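Hi everyone, thanks for coming. Let me put the structure up on the screen, and then we can walk through a few parts of it together.

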Amino acid sequence: VKVLLRNPKREIEVDGSMSVNTLLARLELNRESFLVIRNDELVPGDAMLSGDDRIEIRPVISGGALSEVPHR
Amino acid sequence: VKCRVCRGPAVIDIRRHNANFCREHFLRLCRDQVTKAIAEFSMLEQGERVLVAVSGGKDSLALWDLLLGLGFDATGLYIGLGIGEYSDESGDYVRAYAAASEAPLIEVDLRDEYGYDIPSGARAARRAPCSACGLSKRHVFDKAAIDGGFDAVATGHNLDDEAAVLMGNVLHWHTDYLARQLPVLPERSGFPRKVKPLVRLGEREMAAYCVLQGIDYQVEECPMAEGNRHLRYKDALNQIEARSPGAKHDFYFGFLSRASERFREAVADEQDALGLCERCGAPTPGEVCAFCRLVEQAARGDRAVPVSMSPRRGGGGS
């Protein structure tokens with residue numbers, strides 16, 4: 001399975017067919033913090049991935065100027 | 001995996017709802033949650049003019065799309081922060097969405113309007129970049145909303161954002177901040193109403209919403225936010241959520257229903273004591289508001305850079 005990762009953007013290859021949740025666990029990624037996209041479509045955690053799939057694992061956490069005080 | 005509603009193929013699992021959803025029913029869930037938040041906290045009425053703070057990220061573009069889809073009169077406000085390529089790209093995403101949706105967009109560039117950008121302003125004011133950015137955004141949102149006659153400013157703060165901020169405020173017992181951490185802040189003299197219609201939706205859901213709606217957004221994180229404490233709090237909360245689905249929701253909504261009220265009394269006195277900034281007229285506890293001080297420091301910093309840098313580069317001198 002070819003896997004595109006972000007921040008920084010890079011591609012890795014993971015051997016074998018497995019579920020989305022197994023792939024995330026193998027890469028030690030928290031499933032609450034990522035979406036998995038196969039051929040431009042979202043796939044849920046127990047979807048099975050095969051060797052031909054191109055996968056993007058997209059982080060969903062963003063931070064920046066979160067403010068404790070929206071205004072005074 | 002089947003959609004909880006129609007039993008068709010699911011595209012996303014949401015563990016805190018213990019459910020999977022197909023595209024159609026997930027999008028409906030998002031609309032329903034926003035509708036519920038708006039009604040529950042009396043955020044907006046149909047027919048009101050809403051200014052949506054858009055950054056080019058998933059949350060704000062999803063918010064804009066959801067409000068337009070729900071029939072609100074929603075204008076985007078994009079602030080050019082001057083953070084190099086990151087800002088150039090974020091502006092492109094916002095303009096592309098506005099053009100595709102034929103939605104009105106207002107743009108304010110910090111460098112053009114106020115003579116500084118976030119990197120130079122933060123340096124000059126000796127603030128963390130996220131602090132200078134938050135201060136700048138709040139001022140520009142308020143001013144644009146009041147000048148433009150908008151009824152409210154809507155921001156894309158989601159459940160994860162609010163839970164992370166709450167965690168920081170509780171860890172350090174910022175009781176005055178806890179008093180103000182609400183999904184809607186009413187209009188007051190010099191401040192427009194501020195609403196957060198995404199508080200019932202998580203960050204992962206907002207990213208999924210954009211993917212499923214075909215909204216291109218900036219996936220890369222702001223280069224200046226690296227190591228930001230809220231990112232660490234989010235990471236910690238997601239570790240908890242992974243083992244205890246629904247924990248973030250219970251934390252935030254439990255705070256609103258059971259604790260928030262207890263912190264508000266002290267803040268009411270403080271808000272009554274605000275005067276007006278002698279430069280811009282915005283409410284402030286001092287003579288000059290923090291934003292005008294930042295603008296002045298940045299202007300001095302810009303002029304001082306060649307002089308103050310040269311001795312250091314030369315390795316000596318006064």
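Is the crossing of α1(B) and α9(B) left-handed or right-handed? Keep that in mind while I cover the ground rules. This is a predicted model, so local features need pLDDT of at least 70 and side-chain atom pairs count only at pLDDT 80 or more, while totals for chains, interfaces and linings use all residues. Residues are numbered from 1 along each chain as its sequence is written, chains are lettered from A and ligands numbered from 1 in the order in which they are written, and side-chain values use heavy atoms, with hydrogens and water left out.

Back to the two helices. The crossing of α1(B) and α9(B) is left-handed, meaning that the near helix is turned anticlockwise from the far one by less than a right angle; clockwise would be right-handed. Helix α1 covers residues 23–40 of chain B and helix α9 covers residues 203–213 of chain B, and their axes come within 10 Å and cross at roughly 130°. The axes are lines fitted to C-alpha atoms, for helices over the stretch in contact, and angles run from 0 to 180 degrees between N-to-C directions. Therefore α1(B) and α9(B) are oblique to each other; under 35 degrees would be roughly parallel, over 145 roughly antiparallel, 65 to 115 roughly perpendicular, and the rest is oblique. From α1(B), the contact uses R23(B), F26(B), L27(B) and C30(B), and from α9(B) it uses E205(B), A208(B), Y209(B), L212(B) and Q213(B). Contact here means heavy atoms within 4.5 Å.

Next, the sheet in chain B. Six strands make an open sheet with mixed pairing, in the order β5-β4-β3-β6-β8-β7. Its edge strands are β5 (105–109) and β7 (184–185) of chain B, each pairing on one side only. Strands β3 (residues 49–53) and β6 (residues 152–154) of chain B are joined in the parallel sense by three bridges, and V50(B) has A152(B) as its bridge partner in β6(B). Two strands pair if DSSP finds at least two bridges between them. Helix α2 (residues 58–69) of chain B packs on this sheet, touching β3, β4 (73–80), β5 and β6 of chain B, and its direction makes about 160° with that of β3(B).

Now over to chain A, which has one helix and seven strands. Along the sequence, the pattern is β-β-β-α-β-β-β-β. Helices (H or I, at least four residues) and strands (E, at least two) are DSSP runs, numbered from the N terminus.

Why is strand β7 (residues 54–59) of chain A described as largely enclosed by the rest of the structure? Because five of its six residues are buried, that is, under 20% relative accessible area, with exposed being over 50% and partly exposed in between (1.4 Å probe, protein chains only). Strand β1 (residues 2–5) of chain A runs parallel to β7(A), with four bridges, and V3(A) sits opposite I55(A). Strand β4 (residues 34–38) of chain A runs antiparallel to β7(A), with five bridges; there V36(A) partners I57(A) and L35(A) faces R58(A).

β4(A) also pairs with strand β5 (residues 41–42) of chain A, antiparallel, over two bridges. In that hairpin, two residues lie between the strands, and N39(A) takes a positive phi near 45°.
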